[in-house]
Amino acid sequence: MKKNLKRSIILVTAIITVFSLLLTSCGTKPAEPGKTSEPNGSPSAKSYKIGVNTWGSGVPVLDAFGDNATYVAELFGCTIMRASDDFTPDKETENVQNFVSAGVDGVALQAAGVTNLPRMAEILQNGKTPFVLFTFIGAADVRAQLAESNPYYVGSVDNDLIGDGRVVAQMALDAGRRNAVIIGGNIGDSTQDLRVQGFTEVFEAGGGKVLSVARCTDASEAPTKAQDMLSANKNADCMFAMVGDYVPASVSALEALGMTEQVNLYMSGVDKHSAEYIKNGSVIAGADGLFLASFIAPTLLLNYLDGHPIKDENGKAPELLTKPFEVNASNVDAYISIFGTDGVSPIADETLKNLCWRNNPDVSYQDYVDLIENGLSLNALLKAHGLPEVD
């Protein structure tokens, strides 16, 4: 009798132990949309499979967006499924469908196709797949609708592209320039449209005139269009290349026409390649900050997957805009040290970790706001790396 009782107690204890282990293991799954979870004592052990798309491959700027998002995801132990959209909306939508079919836990999405964002969001919602938008974030009215109706929409992070154009325009005005020509990507690309808008507003308000705007399907058209535009506007005294990919053609056109002394060349979207043109004086200065969104956005997705979604002051998925800063001859070496050096993230790892609930249980929307307001200038980024600030 005693032996049977003892065996029964052992059996019951074993069953309780098994169920306890099963319940504990369930705690590693992502939370349901909109629900929060409490720290389980080992949040950093969670790993997710993240889909990351780029509008195309082989273009340094576009590749960097994907590389940056991958860096952050891998910093937190996640694995990546990466895909190129091959510069077409149809392929972009197909890639999103493939992400869902492959069972990724979340997607860091660049909606460069713009008009297909509603369809991609629908695919992700049907697949119960959380997603964050970055750099190419689609139309404002579509994002507003997603924030209201799609529980899997995490939010968006982009550079203030109107502000970007304004910064460049002010550089040109401060240098006494009054006749501008602009070259950049295709019409309908919001990153280019917004820069033109910001530049034109400030430049013309300051007494300048935009003489011509050349838009290219891709950088292969830039040599011809840059030279034709400058030939037709011989009174131009400044030129704005809206992305680094258009700088080489702009430099070549100015040299071919003997206009390098007459025309100040400015740019946006500085990267490690185009920064060399600022260093050698071919480009007077540029506005950057373009890459910061691709580092910040994955942290919003990670917080959502960890069961701690970040909401704005209205309880909605946040929309964050980073601020551009100037890169010129006096600070370009410092810029390259963190934005153009292999193995170095411009936003320090500790800063990224502080944005994530698994490392900072008190993280909130205000932390993101404070970082954008105070922590993303070039000097603030240098300081976070323990490097000297620049004038």
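Predicted model: local features only at pLDDT ≥ 70, side-chain atom pairs only at ≥ 80, totals over all residues.
Biologist: Which residues of H6 are buried?

Modeller: A residue counts as buried when its relative accessible area is under 20%. In H6 the buried residues are Leu161, Gly163, Asp164, Gly165, Val168, Ala169, Met171, Ala172 and Leu173.

Biologist: What covers the buried residues of H6?

Modeller: Among the covering elements are helix H7 (190-205) and the strands E5 (153-159), E8 (238-241), E9 (264-268), E10 (285-288) and E12 (325-328).

Biologist: How is the chain as a whole described?

Modeller: The chain contains 15 helices and 12 strands. Of its 391 residues, 50% are buried. Among contacts with a separation of 6 or more, 73% are between residues 24 or more positions apart.

Biologist: How are helices H2 and H11 oriented to each other?

Modeller: One examines the angle between the two axes. Helix H2 (residues 60-75) packs against helix H11 (residues 292-305) at an angle of about 40°, and the axes are 8 Å apart. The two helices are therefore oblique to each other. The crossing of H2 past H11 is right-handed.

Biologist: Which residues make that contact?

Modeller: From H2 come Phe65, Asn68, Ala69, Tyr71 and Val72, while H11 supplies Ser294, Phe295, Pro298 and Thr299. Of the residues in this contact, 6 are nonpolar, 3 are polar and none is charged.

Biologist: Leu75 is also in helix H2. Which residues does Leu75 touch, beyond those up to four places away in sequence?

Modeller: Leu75 touches Asp349, Leu352 and Lys353. Leu75 and Leu352 are 277 residues apart along the chain, yet their C-alpha atoms are separated by 9.1 Å. With a relative accessible area of 25%, Leu75 is classed as partly exposed.

Biologist: Is Thr224 buried or exposed?

Modeller: The cut-off for exposed is over 50%. Thr224 has a relative accessibility of 52%, so this residue counts as exposed. Thr224 belongs to helix H8 (residues 222-232).

Biologist: How far apart are Thr224 and Ala253 in sequence and in space?

Modeller: In sequence, Thr224 and Ala253 are 29 residues apart; in space, the distance is 8.3 Å from C-alpha to C-alpha.

How values were computed
Residues numbered from 1 in each chain as written. Heavy atoms only, no water. Axes fitted to C-alpha atoms, helices over the stretch in contact; angles between N-to-C directions. Helix = DSSP H or I, 4+ residues; strand = E, 2+ residues; numbered from the N terminus. Parallel < 35°, antiparallel > 145°, perpendicular 65-115°, else oblique. Left-handed = near helix turned anticlockwise from the far one by under 90°. Contact = heavy atoms within 4.5 Å. Nonpolar A, V, L, I, M, F, W, Y, C, P; charged D, E, K, R; others polar. Buried < 20%, exposed > 50% of the residue type's maximum accessible area, 1.4 Å probe, protein only.
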